[in-house]
Every structure is written in C-alpha cells, then in structure tokens.
Amino acid sequence: MITLAAAMRDQRLLGGPFKAPTFWPWHAVAKLLSGEKLDERETVLFQECTGRTTLPTKPVRRLNILGGRRSGKDRFASAVAVHRAALAADWNAIMSAGEQSVVLLLGADRKQAAILRRYCEGLLRAPLLAQEVVRSTDDVVEFRNGAVLEIATNDARLVRGRSAIAVLGSETCFCRTDTESASSDEEVVGAAEPSMAMCGDGGLLVLASSVYRKRGFMFRKWKELHGNEDAEDICWLAPSRTM
C-alpha cells in the first residue's frame, strides 16, 4: 500500500498529471490527507489557506477545499478517489464478507460527473493502475482489491445505506441548499458520515468547489473551521494566486 502523496509523486501511478511545478499546492494538500510532514513553503501555504498556525498531527479525514476555477480541483478529487479505491488498502481483507467497499465521486450534475469520469479514466491508463481494474463501465470501476469506484450526481439517496470508504464531492457550493431537496449539500454530507461508519479509519470525506455564495454547507464549514486551531476537520480556502 502507498500513501496518496507518494502515489502523486510517482510517475508510474498518479504522478503524471501532477508533475508540473505549478501543482505543488496540490501535493501539499495530498500530504495533509496522507499524514506527511509539510516543508517550509507548504507550511506557509497551509497557514494562509486555513487561518491556522498549528499543523495536523495525523492524517486529515474531513477536508473542504475552496479554490478558483480551472485550479485542478476535479483532477485532484479524481486522484484521491482512485488512490482510495486502488492503492490505500486491501479492502477484501478489511471489510466483512459480501460487503462492498465503495468510493463515491459525486458531481453537482451529470455534466460534472462526466468530467470526473474522464479524469478517472485518464489516471487509470497508468499501467500499474490499469492492471488493478477488473471491470469498467460508464458509472462503475471495480478493482481487484474489492473496492468499487462509482461516479454519480450529487444525491443523498445514492450515499445513504452504502458501505462507503470515501465520499468525494465536486462543486459542492453549487448543490441545492433547500432542505426539501434530496440533493441538498447538507443532506448529502449528513448521509455520508453513517455510510462510512464501518470503515476502520473513519472513511474519507473530501468536498471541493469554486466559491459561489455565502450560504450552504461549504460556507457554514468555512465559518466554523477557518482559524479554528482545535478542529480536526480542515477548510482550505486557496488564495487566487495558488491552485
């Protein structure tokens, strides 16, 4: 098994799309998810983007990313999803017999979901990753280690009742915020937590989006987490010159 940060540094795995020097902020975020130590430049970036001075002492399991358009958020989310499914563990050995280890990659709509799918396809062309795939359709990728990667639209009904090992959301700020909607941001996140209850490390929840409006789940979490030194969850608000 290999960490996300190490896989993104390895050209034979996830490193190809992230080899340009301009992607160094995403490597810093990968280190947070992997529990690796940040260097001096990455530490300064962490403090600027989170409003915090104290670095996490263990891998981050709940991360909200707010970044600009064309900053690479979907590419990064797809890399996290592929890593979690194919490289993070032997899920056959960890989960109960007959239990499916699902990584859900949720787009705000069908168009967004199609973009995520294409990024995943590109990453899985790497020979060492391609050999781990046993079945691939438009919506589902199955791996030899028992994990399943599903790309779908943002809907709490798709999350609830699953045995999820990770839930990743794209453009979460653009999801509906009305409480009556099955695809509202709060409903989806509320369904994600219990779906990952059977995962030994608590599962992985990563939500990424462009900034859109001052309401909804992402705005609420930014107000709660930005500058909060005691919180285990992280809200990463990228300056316009990075990402």
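Guide: Let us begin with the strands: E2 and E6 (residues 164–170) run parallel and are joined by five bridges. The model is a predicted one.

Visitor: What makes E2 and E6 a pair?

Guide: Two strands pair if at least two bridges are found between them, and five bridges join E2 to E6. The two strands therefore meet the definition of a pair. One of the bridges sets Leu104 against its partner Val167 in E6.

Visitor: With which strand does E2 pair over seven bridges, and in what sense?

Guide: The partner is E5 (residues 147–153), and the sense is parallel. Within E5, Leu149 is the bridge partner of Val103.

Visitor: Why is E2 described as largely enclosed by the rest of the structure?

Guide: E2 covers residues 101–107, and seven of its seven residues are buried, so the strand is largely enclosed. In a regular strand the side chains alternate between the two faces of the sheet. In E2, Ser101, Val103, Leu105 and Gly107 point one way, while Val102, Leu104 and Leu106 point the other way; all are buried.

Visitor: In which sense do E3 and E4 pair?

Guide: Strand E3 (residues 133–136) and strand E4 (residues 140–143) pair in the antiparallel sense, over three bridges. Val133 stands opposite Phe143 in E4, and a hairpin of three residues joins E3 to E4.

Visitor: Why is Gly72 called buried?

Guide: Buried means under 20% relative accessible area. Gly72 has 18% relative accessibility, and therefore counts as buried. Gly72 is placed in the loop between strand E1 (62–66) and H4. Its C-alpha atom is separated by 10 Å from that of Ala208, although these residues are 136 apart along the chain.

Visitor: Why does Ser71 count as buried?

Guide: The relative accessibility of Ser71 is 8%, so this residue counts as buried. Ser71 also lies in the loop between E1 and H4.

Visitor: How do you know that the span of H4 is close to the expected one?

Guide: H4 (residues 73–86) has 14 residues and reaches 20 Å from its first C-alpha to its last, and 20 Å is also the expected value at 1.5 Å a residue. The helix is mostly covered, with 13 of its 14 residues buried.

Visitor: Which residues have the most contacts inside the largest nonpolar core?

Guide: They are Phe76, Leu149 and Trp236, in a core of 57 residues. H4 supplies the largest share of this core, eight residues. A second, separate core has 22 residues, among them Leu66, Val159, Ala164 and Cys173. In soluble globular proteins, nonpolar side chains tend to be buried together.

Visitor: With which residues is Phe76 in contact, leaving aside its neighbours within four places in sequence?

Guide: Contact requires heavy atoms within 4.5 Å. On that basis, Phe76 is in contact with Leu4, Met8, Phe18, Trp26, Val29, Ala30, Leu33 and Ile65.

Visitor: What lines the largest pocket?

Guide: The lining has 21 residues, and Asp74, Gln112, Ile115, Glu171 and Ser210 lie nearest the centre of the pocket. The elements giving two or more residues to this lining are H4 and helix H6 (110–123). H6 gives the most, four residues. The space in the largest pocket is about 650 Å³.

Conventions
Residues are numbered from 1 along each chain as its sequence is written. This is a predicted model: local features need pLDDT of at least 70, side-chain atom pairs count only at pLDDT 80 or more; totals for chains, interfaces and linings use all residues. Side-chain values use heavy atoms; hydrogens and water are left out. The expected span of a helix is 1.5 Å times one less than its number of residues. Buried means under 20% relative accessible area, exposed over 50%, partly exposed in between (1.4 Å probe, protein chains only). A nonpolar core is a set of buried Ala, Val, Leu, Ile, Met, Phe, Trp, Tyr and Cys residues joined through side-chain atoms within 4.5 Å. On a 1 Å grid over the protein atoms alone, a cavity is a set of points where a 1.4 Å probe fits but cannot get out, and a pocket is an open set with protein on both sides within 12 Å along at least five of seven lines; lining residues have an atom within 4 Å of a point. Grid points are joined across faces, edges and corners, and a volume is the space filled by probe spheres set on the points.
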